[in-house]
Amino acid sequence: MTMDIKQIYLDASAMLEGHFKLSSGNHSQYYLQSAKVLENPQTAKVLADALAHTIQAHGLEIDTVCAPALGGLIAGFALATALDKRSIFAERVNGEMHIRRGFEISAGEKVLICEDIITTGGSAMEAARAIEALGGIVVGFAALANRGFCQRVGSELTRKPSCSLPEDKPLFALADFTFEMYAPDHCPLCADGSEAIKPGSRGN
Ligand code: ZN
């Protein structure tokens with residue numbers, strides 16, 4: 001099944017062009033606002049079904065899908081629905097990712113961590129550690145799209161040193177979005193005199 005994920009993001013006005021400061025501190029000409037894609041439940045379903053198909057074709061055994069809140073919540077729920085698995089989430093308390101809300105993890109429970117977008121995998125790894133601290137086994141990672149730092153199943157793109165996901169666990173995603181990111185000191189957009197905007201800081 002082929003799908004033009006980039007076109008879906010563009011159609012939903014979810015791929016913003018400008019000069020952005022990302023949560024990593026780096027700057028970029030583009031920003032992906034997955035919530036704008038997922039505001040349409042039918043689109044969320046189509047994407048999650050396709051992602052579930054990829055995971056099932058790989059034969060990965062999963063008991064539970066866990067999403068790092070907030071970013072992964074909707075993608076995680078949609079994917080769990082498509083896989084017909086339990087859906088839980090991890091959330092930050094005082095900066096640290098925890099499993100709360102009475103969610104229980106059995107010893108050996110197989111958990112797939114689901115994000116909206118995997119960049120270097122930092123939040124996904126924090127959620128994974130929270131699961132493993134409770135005795136669960138993280139069997140893999142999933143996202144609607146991969147920003148090109150990690151290697152997803154079925155892509156020729158190689159893993160970059162900044163990817164924090166484990167090399168021995170699969171990452172499933174529907175597409176690679178490989179636009180450039182710049183350290184603030186080496187940002188050509190800054191050099192042109194514009195100011196980087198943190199998405200969300202101006203009412204969006
Ligand atoms: Zn910049």
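Tutor: Let us start with a term: helices here are DSSP runs of H or I with at least four residues, numbered from the N terminus. Please keep in mind that this is a predicted model.

Student: Which helix gives the largest share of the lining of the largest cavity?

Tutor: That share, 4 residues, comes from H3. The elements that give two or more residues to this lining are helix H3 (41-58) and H4.

Student: What makes a space a cavity and not a pocket?

Tutor: A cavity is a set of points where a 1.4 Å probe fits but cannot get out, whereas a pocket is an open set. By this rule the model has 1 cavity of 30 Å³ or more, and about 30 Å³ of space lies in the largest cavity.

Student: How do you know the class of the residues that line the largest cavity?

Tutor: The lining consists of Leu38, Ala44, Leu47, Ala48, Leu51, Ala75, Ala78, Leu79 and Leu144. Ala and Leu count as nonpolar, and by class the lining has 9 nonpolar, no polar and no charged residues.

Student: What is known about the largest pocket, and how many residues line it?

Tutor: The largest pocket has a volume of about 980 Å³. Its lining has 36 residues, of which Ser23, Tyr31, Asp116, Ile117 and Thr119 lie nearest the centre. Among the elements that give two or more residues to this lining are strand E2 (27-32), strand E6 (110-118) and helix H5 (122-133). By class, the lining of this pocket divides into 18 nonpolar, 11 polar and 7 charged residues.

Student: Which residues make the contact between H3 and H4?

Tutor: Contact means heavy atoms within 4.5 Å. On the H3 side the residues are Ala44, Ala48, Asp49, Leu51, Ala52, Ile55 and Gln56, and they meet Ala78, Leu79, Ala82 and Leu83 in H4. By class, this contact has 9 nonpolar, 1 polar and 1 charged residues.

Student: Where is Leu70 found, and what is the peptide bond from Ala69 to Leu70 called?

Tutor: Leu70 is found in the loop between strand E3 (64-68) and H4, and the peptide bond from Ala69 to Leu70 is cis, with omega near -10 degrees.

How values were computed: Residues are numbered from 1 along each chain as its sequence is written. This is a predicted model: local features need pLDDT of at least 70, side-chain atom pairs count only at pLDDT 80 or more; totals for chains, interfaces and linings use all residues. Side-chain values use heavy atoms; hydrogens and water are left out. On a 1 Å grid over the protein atoms alone, a cavity is a set of points where a 1.4 Å probe fits but cannot get out, and a pocket is an open set with protein on both sides within 12 Å along at least five of seven lines; lining residues have an atom within 4 Å of a point. Grid points are joined across faces, edges and corners, and a volume is the space filled by probe spheres set on the points.
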